[in-house]
Amino acid sequence: MIPLLGEEEAQAAAEAVRSGWVAQGPRVKSFEHEFAAAVGAAHGVATSSCTTALHLALVVLGIKPGDEVVVPSFSFIATANAVRYVGATPVFADVDLATGNVTVETVDAVRTAKTRAVVAVHQGGVPFDTAALRKAADGWGVHLVEDAACGAGSTAYGQPVGAGAAVAAWSFHPRKLLTTGEGGMVTVDDAGHATRLRRLREHGMNVSAADRHASSQPVLEAYLETAYNYRMTDIQAAIGLVQLGRLAGLVAQRRQLAARYHELLDGIEGLTPIKDPAYGQTNYQSFWVLLDSFPTSRDDVLAELAAQGVSARRGIMAAHLEPAYADVAPPPLPVTERLTRNSLILPLHHKLTADDQERIVSVLRGLSR
Ligand SMILES: *Cc1c(COP(=O)(O)O)cnc(C)c1O
């Protein structure tokens, strides 16, 4: 992933600096408004990252020590870490081989009487089945938090993945489609949750520092609860507003490049590229290929690609295989382990040319025999 940052972003950041509003201010407010509208959500609350967005999402839902939260192990480690931040216990669920996402069945298999929430991930941009999981979570009486770190521009059932989500968390790290350097957002459908989230990210204050400074009258703030400093800056939001204008074009270009990979990879045996599920479209933030019955091991393929100057990456990680989770006895996660050990992510960015793609695929074809 190479972020697309142009003169427009540099200009917007410079304007924010010149305006004197460098911390959270009016640009953050507009970015929240425009981002929420773009992803089909009612309210947006900007944060310092998706990790802090996930933390606040679990706080606002009242998840606490003793509670279990079902999460995929097959995700960036922040998904599981956020559960531990509130003192709850992450319980790993396996994923579907075709999408890399949890399903109603894989969550149901590990759910217990202590399960209070599920964090489902739109992994690498591939939407999970929003209709099925939202309905199942309702039926079980558990909260569904949607980790949409990779989901900007992805759709399910003809709508942006943020539409209809009770709580979703987004990332603007440079490895995602849209970037603000670091940054994140919680989107929610409930106005009360939005109000509490705004307070939680800003020390528990009943009035934001921005509103206090903008007022002509002295405003005496109160601190209603012990909270956090998880704010985004106006410099970041200024960049985000420009990036948001690029979203549709970025997704269209990535989908074209992915379609070209699909054509070129067609017919290479033992290699399965990620594709759209029946109910939606991925933004192809990550274009991964599964090498299941491929004659060359995944690590040897990575090494050969590197030797040819191609920077492919290992597949998405599995948290339960990391030392940080060595104390957790996970249920069997056969699909997660198959995906994390046998997949790799091919280069896909705005500078990738048709020649690059042919060269990359010819290396793979050479290793397939
Ligand atoms: C990147 C990512 C995160 C963390 O996002 P940050 O903004 O870097 O904190 C969380 N979950 C998933 C699925 C991610 O891909």
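Is Leu265 buried or exposed? I opened the predicted model to look this up. Leu265 has a relative accessibility of 3%. The cut-off for buried is under 20%, so I put Leu265 down as buried.

**Entry 1: around Leu265**

I looked for the place of Leu265 in the chain and found it in helix H9, which covers residues 234-265. I then listed its contacts, leaving aside neighbours within four places in sequence. Leu265 is in contact with Leu271, Pro273, Phe287, Val289, Leu346, Val361 and Leu364. I also checked one distance across the chain. Glu358 is 93 residues away from Leu265 along the chain, yet I read 9.5 Å between their C-alpha atoms.

**Entry 2: the sheet of four strands**

I traced an open sheet of four strands and wrote its order as E10-E12-E14-E13, with antiparallel pairing. Which strands stand at the edges? I noted strand E10 (272-273) and strand E13 (313-314). Each has a single partner strand, so one side of each is left without a neighbour in the sheet.

I followed E13 to its partner, strand E14 (residues 343-346), and found two bridges joining the antiparallel pair. For Arg314, I recorded Leu344 in E14 as the bridge partner.

Next I looked for helices on this sheet. Helix H10 (residues 298-307) packs on it and touches E13 and E14. I noted about 25° between the direction of H10 and that of E14. Helix H11 (residues 334-342) also packs on the sheet, where it touches strand E12 (287-290) and E14. For H11 the angle with the direction of E14 is about 50°.

**Entry 3: the sheet of seven strands**

I traced another open sheet, this one of seven strands, and wrote its order as E1-E9-E8-E5-E4-E2-E3, with mixed pairing. Its edge strands are E1 (43-47) and E3 (89-93), each of which pairs on one side only. From one strand to the next, I noted an average twist of 25°.

How many bridges join strand E8 to strand E9? I counted five between E8 (residues 167-171) and E9 (residues 184-188), and the two run antiparallel. Opposite Trp170 I found Met185, in E9.

Helix H2 (residues 26-38) packs on it, touching E1, E8 and E9, and its direction makes about 130° with that of E1. Helix H3 (residues 50-60) packs on the sheet as well. I listed its touching strands as E1, E4 (115-121), E5 (143-147), E8 and E9. The direction of H3 makes about 165° with that of E8.

Key
Residues numbered from 1 in each chain as written. Predicted model: local features only at pLDDT ≥ 70, side-chain atom pairs only at ≥ 80, totals over all residues. Heavy atoms only, no water. Buried < 20%, exposed > 50% of the residue type's maximum accessible area, 1.4 Å probe, protein only. Contact = heavy atoms within 4.5 Å. Pairing = 2+ DSSP bridges. Axes fitted to C-alpha atoms, helices over the stretch in contact; angles between N-to-C directions.
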